[in-house]
Amino acid sequence: MNLSCISVIIPTYNEDEVIEETIKELKKYGIKQIIVVDGGSKDNTLVKVKNLGVDLIDIGYRSGYGDAFIRGLSRCTEEFVCKINADGSFDPIYLNEMLTLLKSNKYDVVFNSRYLKDAKSFDDTIIRKLGNFLFTNLCKILFFTKNTDILFNYHMSKKINYESLKLEYKDFSICTEIPIKFHKLKYKIYEIPSIERSRKFGVSKVNAFYDGLKILLSTIKLLFIKI
């Protein structure tokens with residue numbers, strides 16, 4: 001299937017060792033609009049991105065993972081939107097399956113899951129796996145969501161659907177905000193099994209305790225937010 005109708009958002013912060021490979025891989029899949037949103041990289045990320053012919057939003061400071069997605073969304077011109085992590089852990093091979101499911105008009109948003117049958121992660125740690133288990137089940141209890149991998153922020157939907165969520169969280173809390181709001185608005189949600197690849201270079205920007213606490217407080221706050 002032609003994937004040129006997808007805008008891909010890539011948040012970056014000090015990803016100069018892998019960003020070229022990530023962008024070139026996406027171009028091989030026929031992605032026309034790639035939007036890199038950089039949160040104040042101190043390495044050569046910006047230099048490399050500028051030579052790759054993609055859209056660039058240079059924020060200039062660390063505004064947050066969620067803010068990168070929200071800003072990138074405003075720049076998207078294609079009908080469908082997906083976010084890809086710069087570190088190479090999100091395999092673009094699943095883009096075709098997600099788009100096919102969305103174009104069938106049976107579903108409004110397609111999430112990837114590392115915990116369905118035939119899925120796995122080569123980038124998970126015991127702490128991250130435990131945290132994801134707790135948040136996934138917390139969301140099931142509080143919001144009656146059915147996602148099996150609530151923190152795996154690899155999903156696709158129409159741009160207009162993302163805009164309807166009125167996203168607010170600028171940090172990693174957006175990982176729970178998106179699926180919860182899709183559920184609250186009664187969108188048709190589907191999950192596919194996904195294999196998460198190992199991060200190719202660099203280190204994770206997630207602090208398990210600090211970011212976990214922020215996600216917890218932000219998730220509880222969503223109980224009282226109307227869309």
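## Aromatic pairs

Rings of Phe, Tyr and Trp (its six-membered ring) are paired here if their centres lie within 6.5 Å, and by this rule the count comes to nine aromatic pairs. Planes under 30 degrees apart count as stacked, over 60 as edge-to-face and the rest as tilted. One of the pairs is Tyr162 with Phe182, which is edge-to-face at 5.6 Å centre to centre with 70° between the planes. This pair links distant parts of the chain, 20 residues apart: Tyr162 sits in helix α6 (residues 159-164) and Phe182 in helix α7 (residues 174-184). Helices (H or I, at least four residues) and strands (E, at least two) are DSSP runs, numbered from the N terminus.

Phe182 also pairs edge-to-face with Tyr187, at 5.2 Å centre to centre and 75° between the planes. Phe69, Phe111, Tyr162, Phe182 and Tyr187 form one aromatic cluster. Is Phe182 buried or exposed? Phe182 has a relative accessible area of 0%, so it is buried, and Tyr162 is buried too. Buried means under 20% relative accessible area, exposed over 50%, and partly exposed in between (1.4 Å probe, protein chains only).

## About the model

This is a predicted model, in which local features need pLDDT of at least 70 and side-chain atom pairs count only at pLDDT 80 or more, while totals for chains, interfaces and linings use all residues. Residues are numbered from 1 along each chain as its sequence is written, and side-chain values use heavy atoms, with hydrogens and water left out.

Helix α7 is mostly covered, with nine of its eleven residues buried. Among them are Ile174, Cys175, Ile178 and Phe182. After α7 comes Lys186, whose phi is positive, near 60°.

Two packed helices are described by the angle between their axes and the distance between the axes. The axes of helix α3 (residues 65-75) and α7 come within 9 Å and cross at roughly 55°. That makes α3 oblique to α7; angles under 35 degrees count as roughly parallel, over 145 as roughly antiparallel, 65 to 115 as roughly perpendicular and the rest as oblique. Axes are lines fitted to C-alpha atoms, for helices over the stretch in contact, with angles running from 0 to 180 degrees between N-to-C directions. Tyr65, Gly66, Phe69 and Ile70 of α3 meet Ile174, Cys175 and Ile178 of α7, where contact means heavy atoms within 4.5 Å.

## Helices α5 and α8

Which way do α5 and α8 run relative to each other? The axes of helix α5 (residues 126-143) and helix α8 (residues 208-221) come within 12 Å and cross at roughly 5°, which makes α5 roughly parallel to α8. On the α5 side, the contact includes Ile127, Phe135 and Leu138, and on the α8 side it includes Ala208, Gly212 and Ile215.

Val81 is found in strand β4 (residues 80-83) and counts as buried, at 0% relative accessibility. Leaving aside neighbours within four places in sequence, Val81 is in contact with residues including Phe69, Leu73 and Tyr162. Phe69 and Tyr162 also belong to the aromatic cluster.

Asp123 lies in the loop between β6 (120-121) and α5. Asp123 is buried, with a relative accessible area of 18%. Leaving aside neighbours within four places in sequence, Asp123 is in contact with Arg128, Glu196, Arg197, Ser198 and Arg199.
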